[in-house]
Amino acid sequence: MTQRLHLVFGGELIDTQRTTFADVSKIDVVGIYPDYKSAYSAWKDAAHRTVDEAQTRYFIAHLHRLRDEEIAASPTEELD
């Protein structure tokens, strides 16, 4: 079975209509999870902890979509 990693992170946003963080150095990295179900659970816990902080939002990033071994390297990746 293919591993599908997910990153859960969040923090205070400048404007809740956008996804620009107020202070990138204060982003809360909740963790990396092996599947969407466990990432969703972690996201939900983090969101509930900060429910009284109106400007704070948490997100799930699909890390498995960033790196697919079957797809040729991008020009930027080849610079490494």
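A salt bridge is a side-chain nitrogen of Lys or Arg within 4 Å of a carboxyl oxygen of Asp or Glu. Keep that in mind as you look at these views of a predicted model.

**View 1. A salt bridge joins Asp28 and Arg49.** Here the two side chains meet, with a distance of 4.0 Å from N to O. By this rule, the count comes to 1 salt bridge. Asp28 belongs to strand β2 (residues 28-33) and Arg49 to helix α1 (residues 36-49), so the pair links distant parts of the chain, 21 residues apart.

**View 2. Three strands form an open sheet.** Follow the order β2-β1-β3, with antiparallel pairing. Strands of a sheet pair through backbone hydrogen bonds, either parallel or antiparallel. Both β2 and β3 (56-62) stand at the edges; each has a single partner strand, so one side of each is left without a neighbour in the sheet. On average, neighbouring strands of this sheet are turned by 15 degrees against each other, direction ignored.

**View 3. Strand β1 pairs with β2.** Strand β1 covers residues 6-12, and its antiparallel pairing with β2 runs over 5 bridges. Which residue in β2 is the bridge partner of Val8? Look for Gly31.

**View 4. Helix α1 packs on the sheet.** The helix touches β1, β2 and β3. Its direction makes about 170 degrees with that of β3.

Methods. Residues are numbered from 1 along each chain as its sequence is written. This is a predicted model: local features need pLDDT of at least 70, side-chain atom pairs count only at pLDDT 80 or more; totals for chains, interfaces and linings use all residues. Side-chain values use heavy atoms; hydrogens and water are left out. Helices (H or I, at least four residues) and strands (E, at least two) are DSSP runs, numbered from the N terminus. Two strands pair if DSSP finds at least two bridges between them. Axes are lines fitted to C-alpha atoms, for helices over the stretch in contact, and angles run from 0 to 180 degrees between N-to-C directions. Contact means heavy atoms within 4.5 Å.
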